[in-house]
Amino acid sequence: MSTVLDQIISGVREDLTARRDALPLDRLRKSAEATPPARDALAALSAPGGVHLIAEVKRASPSKGALADIPDPAELAVAYAEGGASAISVLTEQRRFGGSLADLDAVRSAVEVPVLRKDFVVDPYQVWEARAHGADLVLLMASALGQQDLVSLLGLVEDLGMHALLEAHDEEELQRCLEAGGRIIGVNARNLKTLEVDPQTVTWLLPSVPDHVVGVAESGVTGPESVRDYVAAGARVVLVGEALVTGADPRTAVRELLAAGGRRVDVEATP
């Protein structure tokens with residue numbers, strides 16, 4: 001029986017085929033090579049001074065359906081940056097999350113902080129797409145990739161001047177991310193095969209992330225207390241989507257989450 005993750009990836013591959021037919025790889029590569037150099041996401045997420053936040057532009061989820069309309073993703077990204085977010089995550093998967101590369105373009109044009117392309121990356125074409133659309137950071141999920149592909153895609157990401165956020169959900173996946181050479185590794189509280197969320201997955205696994213690796217807590221954040229728990233477990237970065245897009249004031253919400261993790265934002269960041 002196929003899992004939710006299997007079904008998502010099947011749709012991702014179909015959509016990828018259509019985009020590749022419309023824009024062959026050789027033309028995409030030329031576009032990527034003409035794009036300004038990537039920002040240093042590793043430096044942005046490892047700077048001292050308390051927890052960092054990756055704030056997410058997220059329209060929908062497979063488990064809850066539509067979350068927020070987000071008529072202007074650029075405006076939302078600016079609010080995140082002004083609140084003190086160190087990076088902006090943009091979901092670009094269309095079928096289950098309602099995202100698009102157009103959202104990535106809009107966010108990239110609006111902020112100076114690093115931007116993460118968050119998608120189910122299973123093919124080098126998607127890495128070239130990420131660079132062509134201005135991404136500085138690319139999500140690579142161990143649950144969606146064999147080890148050879150994980151290593152190969154990480155190498156391509158870095159060859160193109162970007163960084164990768166390698167994602168694990170269990171001990172075996174975390175070990176694979178470390179063996180691949182990940183320098184930014186996230187532990188996701190959500191099991192994408194079942195969509196169940198268990199924050200204890202993060203608090204259990206994050207202490208196993210070595211000090212020289214930037215540990216990122218993903219999913220399960222409902223408010224400041226969640227951030228405090230994740231930081232206590234060793235998170236240096238917390239990625240938050242739903243709790244921000246469903247709130248009334250994303251700028252203030254970002255500041256409150258950062259304060260819970262020990263980072264003070266005194267001045268509005270320049271978008």
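Author: Two strands pair if DSSP finds at least two bridges between them. Keep that handy as we go through this predicted model.

Reader: Fine. Which residue stands opposite Ala 55 in S4?

Author: The general idea comes before the case: strands of a sheet pair through backbone hydrogen bonds, either parallel or antiparallel. Here, Ala 55 faces Ile 88 in S4. S1 and S4 (residues 87-91) are joined by four bridges in the parallel sense.

Reader: And what does S1 do with S12?

Author: S1 and S12 run parallel too, with four bridges between them. Look for Leu 53, whose bridge partner in S12 is Val 238.

Reader: In what order do the eight strands close into a barrel?

Author: Trace S1-S4-S5-S6-S7-S8-S11-S12, with parallel pairing. On average, neighbouring strands are turned by 25 degrees against each other, ignoring direction. Helix H8 (residues 171-180) packs on this sheet, where it touches S7 (163-168) and S8 (184-188). The direction of H8 makes about 155 degrees with that of S7.

Reader: Back to S1: which of its residues point one way and which the other?

Author: In a regular strand the side chains alternate between the two faces of the sheet. In S1, His 52, Ile 54 and Glu 56 take one side, while Leu 53, Ala 55 and Val 57 take the other. Six of the six residues in S1 (residues 52-57) are buried.

Reader: How should I read a positive phi?

Author: Most residues other than glycine have a negative phi, and most peptide bonds are trans. Now check Ile 70: its phi is positive, about 50 degrees. Ile 70 sits in the loop between S3 (65-66) and H4 (73-83). Ser 219 also has a positive phi, near 70 degrees, and lies in the loop between S11 (214-218) and H10 (224-232).

Reader: Is Ser 219 buried or exposed?

Author: Buried means under 20% relative accessible area. Ser 219 has 18%, so Ser 219 counts as buried. Ile 70 is buried as well, at 9%.

Reader: Which residues lie nearest the centre of the largest pocket?

Author: Rolling a probe the size of a water molecule over the atoms shows where empty space is left. In this model the largest pocket has a volume of about 450 Å³. Its lining has 28 residues, and Lys 58, Arg 190, Ser 219, Gly 220 and Glu 242 lie nearest the centre. The elements giving two or more residues to that lining are S6 (137-141), S12 (237-240) and helix H11 (242-245).

Reader: How many of the lining residues are nonpolar, polar and charged?

Author: The lining divides into 12 nonpolar, seven polar and nine charged residues.

Conventions: Residues are numbered from 1 along each chain as its sequence is written. This is a predicted model: local features need pLDDT of at least 70, side-chain atom pairs count only at pLDDT 80 or more; totals for chains, interfaces and linings use all residues. Side-chain values use heavy atoms; hydrogens and water are left out. On a 1 Å grid over the protein atoms alone, a cavity is a set of points where a 1.4 Å probe fits but cannot get out, and a pocket is an open set with protein on both sides within 12 Å along at least five of seven lines; lining residues have an atom within 4 Å of a point. Grid points are joined across faces, edges and corners, and a volume is the space filled by probe spheres set on the points. Ala, Val, Leu, Ile, Met, Phe, Trp, Tyr, Cys and Pro count as nonpolar, Asp, Glu, Lys and Arg as charged, and the others, Gly among them, as polar. Buried means under 20% relative accessible area, exposed over 50%, partly exposed in between (1.4 Å probe, protein chains only). Axes are lines fitted to C-alpha atoms, for helices over the stretch in contact, and angles run from 0 to 180 degrees between N-to-C directions. Contact means heavy atoms within 4.5 Å.
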